[in-house]
Amino acid sequence: MSPKSEIKQFILGNYLFTNDESALADDDSLLKKGIVDSTGMLELIMHIEEKYGIKVAEDEMVPANLDSVVNVTAFIERKLAK
Amino acid sequence: MSATLVANLRSTAGRTPDQVALVQGERVVTYGTLWDMARRFAGGLRASGLAAGDRLALGLENSAEYVAAYYGTLLAGGIVVPLNVAAKTRDFEFWLRHCAASWVVCSAENRELLAAAASTRVVTTAGVAPGGIAFADVAGEFEEATAPDAHAPACILYTSGTTGSPKGVLLSQHNIASNTDAIVTYLGLTAADSIVCVLPFYYSYGNSVLHTHVKVGATIVLDDNLVYPHKVVANIARSRATGFAGVPSTFSLLLGRVTLGDFDLSSLRYLTQAGGAMSVATTQKLREALPQAQLFVMYGQTEASARLTYLPPADLDRKLGSVGVALPGIELETRLESGERCAALQTGTVWVRGPNVMRGYWNNPEASATALQGGWLNTGDVGHLDADGFLFLAGRRSDMIKTGAHRVHPKDIEEVIEELAEVAEVAVVGVNDEMLGQAIKAFVVPKSAGGVDVMRVKAHCRQRLANYKIPKYVDLVGSLPKTASGKVRRHELVERHSE
């Protein structure tokens, strides 16, 4: 499964409690749409770290890296490419 | 004459009109502007027919508009009803109906609240809702004919209630203003202070941060939330804030996810912590990470405007685990079931009396009569006083769950889960959680062997409840442990979780 599909499935299953992919657009803001709160974001970060073996640094915890499926995927791919 | 909140804002704006009241991103609002906004809004309400005692439901995030609408409603003689913006239509419908709100102020993007506000006048920020009025258009000249009655109903704050159904805590300006004065005194707040505020103003803790800063003319730097914790810390460093207020989970999050030593936080003069007991370990870590900041541990209730006790920082080591002493002007005692006063170290129910104690619960004389007896408030909290008069809390009589900054009654969630046809019974409890203090767990008994889809339970909760009320854990069980009279043994369920 591609990181994009995997991240989307994770968000759908853990925050929206559905398998329906149409419930979340790839560029939906996780914060503005009320999908994650502070603990939800921590869970997402822990999931990314465990699943992809990368470390999310403090200064990387910004909306540009984490606020949508597109942003999270691009962030993971950038980190894996390093 | 008793102090009022509107007199506090008027006085601060008159004294220091150019002092910064609020900072939100790039937006800077002075006290002079804030006072003008509040007067304008009050004038608009009056011109549109708001009568004394009419209820205005305020469903905005922290912002200058929130503050202007809050103070403007009081100026116009209305009763302001701050609402949790994260709630769902189900809650909003109850609150609006219960307080018979004639006005709703919210963001045009808050569909859950707008859906509940069909029969009220709607004022919106961030655009105009169909049939609604833009916030900027609620404007008029405001002439203050007579000084407002400090003891008249001014604010209703809805709580989860200790027995399930939400209760509207009715406070006067005198209640809140007297508590404001006491807090200002023990924190030593002055116009030179500034705070980064992540607490929502619609809860009593955030409400007290707002009013104390307005009173002295200090600056409030608004920060969205804690989803990106290091941004909050960067904001404290950048704005040279002197104060920060949080609940235990706020501090756990900051300590756990941010290297505080990487930031220059030397400006921080004090920290306040309320909203439930913080572990000794977290308290110690916090003091080590920010040794220059005094830590004020505090305890209170919405029914008492906000604050009842505080632990002077100098006593923190000596009285670790205590929530401190009663604020000046507040009497506090512990009583046995019989009503007899407890001896030192004897555990009983905490009763309080003072100018900050609510007038009662809105439109709920029975609950008011239970909580208020002979001028005293039964807090429902259990604890003991030591020989020096320091209060140590041992818990609550009720089943209330404290999760993060929120208080949730199990019944609220149980009612929603029971709406599912495949559920026979459900019991919800709070279980220990390192970050949140307590996490929500639901034990569900399926109606038939077909079982219950856990994902469907959570999805249904998400549809009907604010996100923080969605159970983190859902366990399917064959039956619930009960007493002989049929009452669920919640304790047993909590113990079952930790096994």
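This is a predicted model: local features need pLDDT of at least 70, side-chain atom pairs count only at pLDDT 80 or more; totals for chains, interfaces and linings use all residues.
Residues are numbered from 1 along each chain as its sequence is written, while chains are lettered from A and ligands numbered from 1 in the order in which they are written.

**Stop 1: B:Leu58**

Select B:Leu58 and show its contacts. Two residues are in contact if their C-beta atoms, placed from the backbone, lie within 7 Å. Leaving out residues up to four places away in sequence, B:Leu58 touches B:Tyr66, B:Ala69, B:Tyr70, B:Val80, B:Val81, B:Pro82, B:Leu83 and B:Val105.

**Stop 2: helix H3**

Now select residues 64-75 of chain B, which form helix H3. Helices (H or I, at least four residues) and strands (E, at least two) are DSSP runs, numbered from the N terminus. How many of the residues of H3(B) are buried? The count is 12 of 12, so the helix is mostly covered. Buried means that 20 or more other C-beta atoms lie within 10 Å of a residue's own; 12 or fewer makes it exposed, and anything in between partly exposed, with C-beta atoms placed from the backbone. The buried residues include B:Glu65, B:Tyr66, B:Tyr70, B:Tyr71 and B:Thr73.

The expected span is 1.5 Å times one less than the number of residues. After the helix comes B:Gly77, with a positive phi near 90°.

**Stop 3**

Select residues 167-172 of chain B, strand S9. Why is S9(B) described as largely enclosed by the rest of the structure? Because 6 of its 6 residues are buried. Both faces are covered: B:Lys167, B:Val169 and B:Leu171 lie on one side, and B:Gly168, B:Leu170 and B:Ser172 on the other.

S8 and S9(B) pair in the antiparallel sense over 6 bridges. Two strands pair if DSSP finds at least two bridges between them. B:Tyr158 stands opposite B:Gly168.

**Stop 4**

Follow chain B from strand S19 (360-361) toward helix H11 (365-371); B:Asn364 is in the loop between them. B:Asn363 is in this loop between S19 and H11 as well. Phi of B:Asn363 is positive, about 55°, although the residue is not a glycine. B:Asn363 counts as partly exposed because it has 14 C-beta neighbours inside 10 Å. B:Asn364 is partly exposed, with 18 other C-beta atoms within 10 Å. Draw a distance from B:Asn364 to B:Gly374: they are 10 residues apart in sequence and 17 Å apart in space, C-alpha to C-alpha.

**Stop 3: B:Ala126**

Jump to the loop between strand S6 (121-125) and strand S7 (133-134) of chain B, and select B:Ala126. Its phi is near 55°, a positive value in a residue other than glycine. With 16 C-beta neighbours inside 10 Å, B:Ala126 is partly exposed.

**Stop 4: the nine-stranded sheet**

Colour 9 strands of chain B in the order S2-S1-S11-S10-S12-S13-S14-S15-S16: they form an open sheet with mixed pairing. S2 (27-30) and S16 (325-326) stand at the edges, each with a single partner strand, so one side of each has no neighbour in the sheet. Zoom in on S13 (residues 270-273) and S14 (residues 294-300), which pair in the parallel sense over 4 bridges. The bridge partner of B:Gln273 in S14(B) is B:Val297.

**Stop 5: zoom out**

Show chain B whole. It has 14 helices and 27 strands. Its radius of gyration is 23 Å, close to the 23 Å from the globule rule for 499 residues, so chain B is as compact as a globular protein of that length. The radius is taken over C-alpha atoms, and the rule is 2.2 Å times the number of residues to the power 0.38. Of the 499 residues, 52% count as buried.

Finally, show chain A. 14 of its residues are in contact with 17 residues of chain B. The chain A side divides into 7 nonpolar, 4 polar and 3 charged. Ala, Val, Leu, Ile, Met, Phe, Trp, Tyr, Cys and Pro count as nonpolar, Asp, Glu, Lys and Arg as charged, and the others, Gly among them, as polar.
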